[in-house]
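Visitor: I have a model open and would like to go through it with you. Can we take it piece by piece?

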Amino acid sequence: MAQEDVFKKLVSHCKEYGFVFPSSEIYDGLGAVYDYGQNGVELKNNIKQYWWQSMVMLHDNIVGLDSAIFMHPTIWKASGHVDAFNDPLIDNRDSKKRYRADVLIEDQIARYDEKIAKEVAKAAKKYGDAFNEQEFRSTNARVLEHQAKRDALHERYTKAMNAGPDLNELRQIILDEEIVCPISGTKNWTEVRQFNLMFSTEMGSTADGSMKVYLRPETAQGIFVNYLNVQKTGRMKIPFGIAQIGKAFRNEIVARQFIFRMREFEQMEMQFFVKPGTELEWFKRWKETRLKWHKALGFGDNHYRFHDHEKLAHYANAATDIEFLMPFGFKEVEGIHSRTNFDLSQHEKFSGKNIKYFDPETNENYTPYVIETSIGVDRMFLSIMSGSYCEEKLENGETRVVLKLPAALAPVKLAIMPLVKKDGLPEKAREIMDGLKFHFNCQYDEKDSIGKRYRRQDAIGTPYCVTVDHETLQTGCVTLRDRDTMRQERVPVNELQSVIGDRVNITSLLKKL
Ligand code: GAP
């Protein structure tokens, strides 16, 4: 199945099985805003719990924080977001549609790549086993022509982006490449302008007395401005970290690929405060630690790669992304940044307060350096859903859709089903559920045939199903079915908790770290 089709199926699966709904759907939705349904919220909470516990429970030098979404507006001036958190935008005068100039150009680069891929695929089909792709790419005239155009465009685009960006040059590239508006089909473009991504609102009741405030575009600044509060009240010694999970808001202009790029999303960020000069060592350590966290989910090492940043922000001295192989290619899920002492120094300058750390071991005052790990909950959710979604052909010719979620993250851990709705089986099933519901999330299901019920649970990724039959009333044993192997075994009811519990608790993941 083409990867595009897999992605479409995944999006409709998320809706059909109560994972993700478009926000305000009965009013035709709200662009790039989504709601999480009954299963989605459970999966999301489990992801957050896995992250939180791996940070705060497993490290005795990392503590949590929950700072407010609204913050003093000067914070965003100090952090650079007011002046520099921009996207270059261009409007088409005919369709009145607005686009990100950089995305229009990146799409054009992708079009050259597609043309090359098509030529390669055509030749591969024609020549069969005798096809030598490398030789074809380096000798075929059409491929070479596309490649040359692509490389020249890429070079020109990178230069323009690195020069500020150079807005006139971005527009000129769009004109020279004859890029048209997908709606109107025309090249009637406006100038390129910078557009700030922060949402703002007014705080206070009167026009005179009100103040412009922003919805935070990242949770990190709440950590920076509280770092000394936490350090002093928690008697933290450097190196130490502060972890936070919370909503962030960005007025993304090109919002697409479902929950990959949203206007309201959630971040899990940890700022690790270190002694200046030790930051690159810590950066390396956090890269390894975070990759291990991802890999423990069991999707396979080939699903992950680092993308080290070549061009660094002026305040960073190292940065990398952890990318996951989504149905639309490798995409950033998490960023790990060595941010020097930029943010703390800026807050010291703008607030006029001394926020230096006093090191009791060396009797020195200094501004700590910071390693940041920043991961989007929603992107993590998407990566887990796309890594788990499977369509399997069964021996009887049927296809089953199964979400092979890591058991510890599954919304429902155990479905409990009476074989029939009579003869005391529902009562027995309820009794089993009442015993287990204190330990993990269970779901009772008595509707439809047992086969249909299994399929429903497969589709939401429930790792285990228990069937209560007539024998259960005599022997006290139930049938336990494994989602992935579909194997069934008889298990005494009083052993269910120990058999399942260890495999479905977050601890099972944490122990791999
Ligand atoms: N404090 C650093 C920071 O915010 P970022 O690379 O802009 O860095 C970090 O964002 C992570 O937040 C990304 O790796 C991504 O997972 C998530 N993220 C950023 N923008 C997002 C959006 N519009 N929708 C969903 N997730 C987003």
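Visitor: Which elements do the buried residues of α17 pack against?

Guide: This is a predicted model. In it, the buried residues of α17 pack against β19 (414–418), α14 (425–436), β21 (464–468), β22 (477–482), β23 (488–492) and α18 (506–510).

Visitor: And which residues of α17 are buried?

Guide: In α17, which covers residues 496–504, the buried ones are L496, V499, I500, G501 and V504. An α-helix has 3.6 residues a turn, so residues three or four places apart point the same way.

Visitor: How do β21 and β22 pair, parallel or antiparallel?

Guide: Antiparallel, over four bridges. T467 stands opposite T479 in β22.

Visitor: Change of topic. Where is R290?

Guide: R290 is in helix α11, residues 279–295.

Visitor: Is R290 buried or exposed?

Guide: Buried, because its relative accessible area is 1%, and the cut-off for buried is under 20%.

Visitor: What is R290 in contact with, leaving aside neighbours within four places in sequence?

Guide: R290 is in contact with W51, S54, M55, I322, E334, I336, T373 and I375. W51, S54 and M55 belong to the α2 side of a helix contact, and R290 to the α11 side.

Visitor: At what angle do α2 and α11 pack?

Guide: Helix α2 (residues 38–57) and α11 pack at about 145 degrees, and their axes are 12 Å apart. The crossing is right-handed. From α2 the contact takes I47, Y50, W51, S54 and M55, and from α11 it takes W286, R290 and W293.

Visitor: What classes of residue are in that contact?

Guide: Six nonpolar, one polar and one charged.

Visitor: W286 is on that list. Which residue forms an edge-to-face aromatic pair with W286?

Guide: F272 does. A pair of aromatic rings is described by the distance of the centres and the angle of the planes. For F272 and W286 these are 5.4 Å centre to centre and 65 degrees.

Visitor: Where do F272 and W286 sit in the chain?

Guide: F272 is in strand β10 (residues 264–274) and W286 in helix α11, 14 residues apart.

Visitor: Why do F272 and W286 count as buried?

Guide: F272 counts as buried because its relative accessible area is 1%. W286 counts as buried because its relative accessibility is 4%.

Visitor: How many aromatic pairs does the count come to?

Guide: The count comes to 16 aromatic pairs. There is also an aromatic cluster formed by F7, F260 and F328.

Visitor: Last topic, the whole protein. How many helices and strands?

Guide: There are 18 helices and 23 strands. Of the 513 residues in the protein, 48% are buried. Along its principal axes the C-alpha trace spans about 80 × 70 × 50 Å.

Visitor: What share of the contacts with a separation of 6 or more is between residues 24 or more positions apart?

Guide: That share is 65%.

Note on methods:
Residues numbered from 1 in each chain as written. Predicted model: local features only at pLDDT ≥ 70, side-chain atom pairs only at ≥ 80, totals over all residues. Heavy atoms only, no water. Buried < 20%, exposed > 50% of the residue type's maximum accessible area, 1.4 Å probe, protein only. Helix = DSSP H or I, 4+ residues; strand = E, 2+ residues; numbered from the N terminus. Contact = heavy atoms within 4.5 Å. Pairing = 2+ DSSP bridges. Axes fitted to C-alpha atoms, helices over the stretch in contact; angles between N-to-C directions. Left-handed = near helix turned anticlockwise from the far one by under 90°. Nonpolar A, V, L, I, M, F, W, Y, C, P; charged D, E, K, R; others polar. Phe/Tyr/Trp six-rings, centres within 6.5 Å; stacked < 30°, edge-to-face > 60°.
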